[in-house]
Amino acid sequence: MKKIIIGGALCVLPLFSHAETKIITEVLIGKSSNDIYSLTESESAKKHYSSKQNTNSTGFRVGLNFTDYLTVELSKHKHGSSDNIATVIMPEQNGFLEHRFEVEIPIDIESIRFGVKGELELFDDFSVNGRFGLAHWNYTGSTPLKLSHPSSHYDIGKSGNAPYASLGFDYKLTKNLYVGLEYSLFKAKDKAEVTDLGVATHSYEHKVKDLLLVVGWKF
């Protein structure tokens, strides 16, 4: 799907070859809020885990500005790694008592986004904007499943697709240089039924909310 998103962005170029377009590049720096919920459920037990942490977020975006109101964009985001503590339970067996210990499980997520930006100038050099499109998200290590089932030797849903949306504003410093602020969100989630010493249902939701400083240049 990542290739489809990038391919879709490239296919847009010939459609607007007749129009006067401007290339836009942006650097994004800020914070991500990671709201995570993980659930493992079987006939005999139910275990869930939830956390909310802030991480450093960075990104880079390129766009084609076709009119004063519309830009088509492709961006890459690193939402940072949140450190979570999960409890591993080793059941009683062969005369050994039940044993519990804690492990640290980092959850690191990235996304590639393809979408459109609509903007409206309210005052000279000041405009508000909104974005929407498709985000292809990917976990570089463990997924949130590991938080509710840390002893498992498998994982589910390491990548997927979700709609994203954002609101923000831009302020022009010069003819080409501008700065802005942006708030965006998307949700990664997955669910699967897995046989592991019995049948268990695993699911997770990971809401990613970014508050970003935008520094942009219009060529």
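**View 1. What lines the second largest pocket of this predicted model.** The lining residues divide into nine nonpolar, five polar and eleven charged. The pocket itself has a volume of about 520 Å³. Of its 25 lining residues, Asn65, Asp68, Glu119, Lys172 and Lys218 lie closest to the centre. Two or more lining residues come from each of strands S1 (22–42), S4 (99–123), S5 (126–139), S6 (159–172) and S7 (177–195). Strand S4 gives the most, with four residues.

**View 2. The largest nonpolar core.** Here we turn to the protein's packing. This core holds 20 residues, and those touching the most other members are Ile109, Trp137, Tyr139 and Phe186. At least two core residues are supplied by each of S4, S5, helix H2 (145–148), S6, S7 and strand S8 (199–218). In soluble globular proteins, nonpolar side chains tend to be buried together.

**View 3. The surroundings of isoleucine 109.** Leaving aside residues up to four places away in sequence, Ile109 touches Trp137, Tyr139 and Phe186, among others. Its contacts also include Asn34, Lys78, His79, Gly80, Ala188, His206 and Val208.

**View 4. Lysine 78 and its partners.** Look for Lys78 in strand S3 (residues 70–90). Lys78 counts as partly exposed because its relative accessibility is 42%, between the limits of 20% for buried and 50% for exposed. Lys78 and Ile109 are 31 residues apart along the chain, yet their C-alpha atoms are separated by 6.7 Å. Beyond four places in sequence, Lys78 touches Asn56, Ser57, Thr58, Ile109 and Glu110. With Glu110, the Lys78 side chain makes a side-chain to side-chain polar contact of 2.8 Å.

Notes
Residues are numbered from 1 along each chain as its sequence is written. This is a predicted model: local features need pLDDT of at least 70, side-chain atom pairs count only at pLDDT 80 or more; totals for chains, interfaces and linings use all residues. Side-chain values use heavy atoms; hydrogens and water are left out. On a 1 Å grid over the protein atoms alone, a cavity is a set of points where a 1.4 Å probe fits but cannot get out, and a pocket is an open set with protein on both sides within 12 Å along at least five of seven lines; lining residues have an atom within 4 Å of a point. Grid points are joined across faces, edges and corners, and a volume is the space filled by probe spheres set on the points. Ala, Val, Leu, Ile, Met, Phe, Trp, Tyr, Cys and Pro count as nonpolar, Asp, Glu, Lys and Arg as charged, and the others, Gly among them, as polar. A nonpolar core is a set of buried Ala, Val, Leu, Ile, Met, Phe, Trp, Tyr and Cys residues joined through side-chain atoms within 4.5 Å. Buried means under 20% relative accessible area, exposed over 50%, partly exposed in between (1.4 Å probe, protein chains only). Contact means heavy atoms within 4.5 Å. A polar contact is a pair of N or O atoms within 3.5 Å; within protein, one must be able to donate a hydrogen and the other to accept it, and residues adjacent in sequence count only if both atoms are side-chain atoms.
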